[in-house]
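This report describes selected local features of one protein model. Please consult the sequence and structure shown here alongside the text.

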Amino acid sequence: MTSSIQTQVLDKIKEYSTIIIHRHVFPDPDALGSQCGLKKIIKESFPSKNVYVVGEEVEELKFIHRMDSISDNVYKDALVIVCDTANLPRICDKRFELASFLIKIDHHPDLEPYGNLSWVDTSYSSTSEMIMDLFTKHKHILQLKSEAARLLYIGIVGDTGRFLYRGTTTQTMKYTAELMTFDFNPQLIFSTLYKKDNNTARLQGTLLLNYERSKNGVAHFRMTRNLLEQFGVDRNTAGNLINTLADIEGNKVWVLFIEYPDSIRVRISSAGTVINNVAYRFNGGGHPLASGATVHSWEEADALIQALDATCKEAHRN
């Protein structure tokens, strides 16, 4: 089945002269790695095609790849590919709606199907691994060079938590080993991705000292606007502290609320309790054990904690 869908994806790439690649809001390394890695592969394989990547940029991840700036009229008769995005509201840059044809490539559970063609498979560690698989199965057509290899490596490293998460498979390691044969510096990638400045380290200490935990093991902390200003830490960097609470005994689920001017973004992770169904109810989605959501008040944030607490209670009972 996967082979058939991959062939359909490749046929559409061959068909269109203009291809625009999107991914989710508040990008992580896999979103950027798969999006930009796919761009590089297409461009190397079909030099005459116009290939663009679009979306908001995150300062700390600009080292991965910069976005293109294009006008609306570029979308006319264009193929749009959306990488690593489970549902429509989370697609960054709503101009995807202008596409002539829309393809979804994703490894999250398919709770909200969309697009004219959908390649969704939760057996992959990351969407970057899916792009690597597409290349591997079609080496007679596609070209992979060092920059694309670097991007896909970053995506796989990011979404496997440096190969510690459950989604890491023998195929993941095989593909990673192949990517490492190309000319880029893995050590530089690791040091850049996981480096913390002094302000972020102090904020992390405050998180550890002041987080709260519900009766059934939902650890949570509020990154308010005032707190972020006090420590001088931007919101994306603050959100990346989510796994600070991962290894604390008794924490079954851990949640960070990050306050924005018009909403409160939520990052949720779990040691085993499935949480993406709760995230979906609160304007989000994602993996069974790692998801995002959006609420619009601290009262709604409390409701989300209550829902997660009930889920933990039910999971423990079963």
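Lys39 lies in helix α2, residues 29-45; helices (H or I, at least four residues) and strands (E, at least two) are DSSP runs, numbered from the N terminus. The model is predicted: local features need pLDDT of at least 70, side-chain atom pairs count only at pLDDT 80 or more, and totals for chains, interfaces and linings use all residues. Residues are numbered from 1 along each chain as its sequence is written, and side-chain values use heavy atoms, with hydrogens and water left out.

Lys39 is buried at 12% relative accessibility, where buried means under 20% relative accessible area, exposed over 50% and partly exposed in between (1.4 Å probe, protein chains only). Beyond its neighbours within four places in sequence, Lys39 contacts (heavy atoms within 4.5 Å) Ile21, Val51, Val53, His65 and Asp68. Helix α2 is largely enclosed by the rest of the structure, because 14 of its 17 residues are buried.

Glu59, in the loop between β2 (50-53) and β3 (79-83), is exposed, with a relative accessible area of 58%. Glu59 and Thr237 are 178 residues apart in sequence, yet 9.3 Å apart in space, C-alpha to C-alpha.

Strand β11 (residues 290-295) is mostly covered, with five of its six residues buried. Its pairings are tabulated below; two strands pair if DSSP finds at least two bridges between them.

| Strand paired with β11 | Sense and bridges |
|---|---|
| β9 (residues 264-270) | antiparallel, six bridges |
| β10 (residues 285-286) | antiparallel, two bridges |

Within these pairings, Ile264 has Val295 of β11 as its bridge partner, and Gly286 stands opposite Ser291 in β11. Three residues separate β10 from β11 in the hairpin that they form.
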